[in-house]
Amino acid sequence: MRLDDLHPAIVRVGIAAVVTVLFAGAVAVGMVRGEGRPDVARVRVDGSALIDHADGTSETVTGTRDLRVGDEVQVQRGSISVETRDGSTLEGRTGRGSTAATRLRFDPDIELLAGDLLVVTETGTFINSNGNVLRIDETGETAARLHRSLAFAVALYRGAAVIDSAGQRRPVRALREMEVTVLGQPPLEPRPMRVDPSDPWDERFLGAALQLGTELAGYSRTYSASLRTDQGRTAVFYETLLPPLGRQDDFDDDLLRSVGPARPQGDLLVGAAIAMLGRYGNFPSRWHGVFDFYDAGAGWGLVALDQGVSDGPLRDIVRSAVDHTPFPFTPNTPEIAEGTTTTSVPGSPGTTTPGTPSTTPPTTTPTTQPPVTIPPIPPDPQQTVGSLVDTLGQLLGGLLGPSSVLAVPPGRPGSAAPGTQP
């Protein structure tokens, strides 16, 4: 059959299909080889950045510029924000301390060559870095901080991701990080995210948690210092301070001791409050999750965020518990029997009778007295006891002065009112 024997419409459709296929193939070849340099991303530069092109040319840019296959971008001053084809946003910055400035390659996959990179996505993406790949597949906002120097590290602010290091895959979820120092040998488990309050990215995503953590740590230290080490060691104690704990059937002395019999009471109070307000899992799992994460190095603010606890209610309930604790004694005073109370004045020496306020006598300038000479007992055996008493009375009177009174306070048994004879 000859071509001219076909229906003209069929011929036109066939020719159009062939042209479309050939055009698509040319575009694909151009992307791989860098020919035609199709755009793969757009960068907005706040400061200045150096772009090295695949053809060997370089240029320093500011403002907004399209990036193409084979381009490398390095921050020189300030920061950059890159919008990728999959809708993700990448941020880079100048070096901080020993960390180099951000450098990226688009080939066409995105590779982190050096420095820090912030990745924010709602649709998923992946970033390569010297054979290590960060894969984000989940929908919903995920935010990750990447770092490349001699090692490759990923820390998750939100969401979840997977690190693939030469085929070894490790999941990482929010508020945790993983560092790969040897390709193909990632750690078995991530660790709590290390947070730097001076890092603008950490402040942006975790500022409220950092502030809450500082406050809760202060409450914990103060509370622990206000109790004896043997107090606050029963479930009933914390149920009194946090009444909703009484509705948790699994909260008992065994669960309390399971996180350490000598753990500071302030940590127990804060941890119990977070577990009580937590949103994920049953109470025992929340309880152990709180203290496991804290013991691994997370601050109280990250622990609360990990349990889905809002900072306002948590702050209020901990403050209320501290304010309503019947402290048995104040710091720096000797321990007394549990259940008794004392009132002390800061700086007053000694101890006080339980329940009786202690007072500090007015400070006076000491008077220098002449050396005291106690007269010897006269050899005369007929000297009366009365004359000896008179002698001692004169001596004591001279030492104490005319204003001193040595007497048992009125009203005590065995005392006599002033001016009366016993």
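Which residues does L50 touch, not counting residues up to four places away in sequence? In this predicted model, where local features need pLDDT of at least 70, side-chain atom pairs count only at pLDDT 80 or more and totals for chains, interfaces and linings use all residues, L50 touches S58, E59, T60, E72, V73, Q74 and Q76, a contact being heavy atoms within 4.5 Å. Residues are numbered from 1 along each chain as its sequence is written, and side-chain values use heavy atoms, with hydrogens and water left out.

L50 itself belongs to strand β1 (residues 39–52); helices (H or I, at least four residues) and strands (E, at least two) are DSSP runs, numbered from the N terminus. With a relative accessible area of 23%, L50 is partly exposed, on a scale where buried means under 20%, exposed over 50% and partly exposed in between (1.4 Å probe, protein chains only). Between the C-alpha atoms of L50 and T62, which are 12 residues apart along the chain, the separation is 9.1 Å.

## Overall fold

The secondary structure of the protein chain comes to nine helices and 14 strands. Of its 422 residues, 36% count as buried, and 50% of the contacts with a separation of 6 or more are accounted for by residues 24 or more positions apart.

Helix α5 (residues 265–277) has 13 residues and spans 18 Å from its first C-alpha to its last, close to the 18 Å expected at 1.5 Å a residue, the expected span being 1.5 Å times one less than the number of residues. The helix is mostly covered, since 12 of its 13 residues are buried, including L268, L269, V270, I274 and M276. The buried residues of α5 pack against α2 (200–225), α3 (235–241), α4 (253–257), α6 (283–295), α7 and α8 (311–323).

## Salt bridges

A salt bridge is taken here as a side-chain nitrogen of Lys or Arg within 4 Å of a carboxyl oxygen of Asp or Glu, and by this rule the count comes to 25. One of them joins R148 to E111, with the closest N and O atoms 3.7 Å apart. This pair links distant parts of the chain, as R148 is in strand β9 and E111 is in strand β6 (residues 110–121), 37 residues apart. R148 and E111 are also members of a network of salt bridges that includes E72, R103 and R105.

The side chains of D306 and R173 meet in another salt bridge, at 3.6 Å from N to O. Here too distant parts of the chain are linked, with D306 in helix α7 (residues 300–306) and R173 in strand β12 (residues 168–173), 133 residues apart. R228 and D230 form a further salt bridge, whose closest N and O atoms are 3.1 Å apart. The accessibility of the partners is tabulated below.

| Residue | Relative accessible area and class |
|---|---|
| R148 | 18%, buried |
| E111 | 16%, buried |
| D306 | 14%, buried |
| R173 | 47%, partly exposed |
| R228 | 5%, buried |
| D230 | 45%, partly exposed |

## The largest pocket

On a 1 Å grid over the protein atoms alone, a pocket is an open set of points where a 1.4 Å probe fits, with protein on both sides within 12 Å along at least five of seven lines, and lining residues have an atom within 4 Å of a point. About 330 Å³ of space lies in the largest pocket. Its lining has 17 residues, and those closest to the centre are D116, R145, H147, E177 and R194. Strands β9 (142–148), β10 (152–158) and β13 (176–180) each supply at least two lining residues. The lining divides into five nonpolar, two polar and 10 charged residues, where Asp, Glu, Lys and Arg count as charged, Ala, Val, Leu, Ile, Met, Phe, Trp, Tyr, Cys and Pro as nonpolar, and the others, Gly among them, as polar.

## Backbone features

Most residues other than glycine have a negative phi, and most peptide bonds are trans. D107 and P108 are joined by a cis peptide bond, with omega about -15 degrees, and P108 is placed in the loop between β5 (103–106) and β6. A166, which is not a glycine, has a positive phi of about 55 degrees; this residue is found in the loop between β11 (160–165) and β12, and at 51% relative accessibility it counts as exposed. L175 likewise has a positive phi, near 70 degrees, and its place is in the loop between β12 and β13, where L175 counts as buried at 3% relative accessibility.

Note on methods
Points joined across faces, edges and corners; volume = space filled by probe spheres on them.
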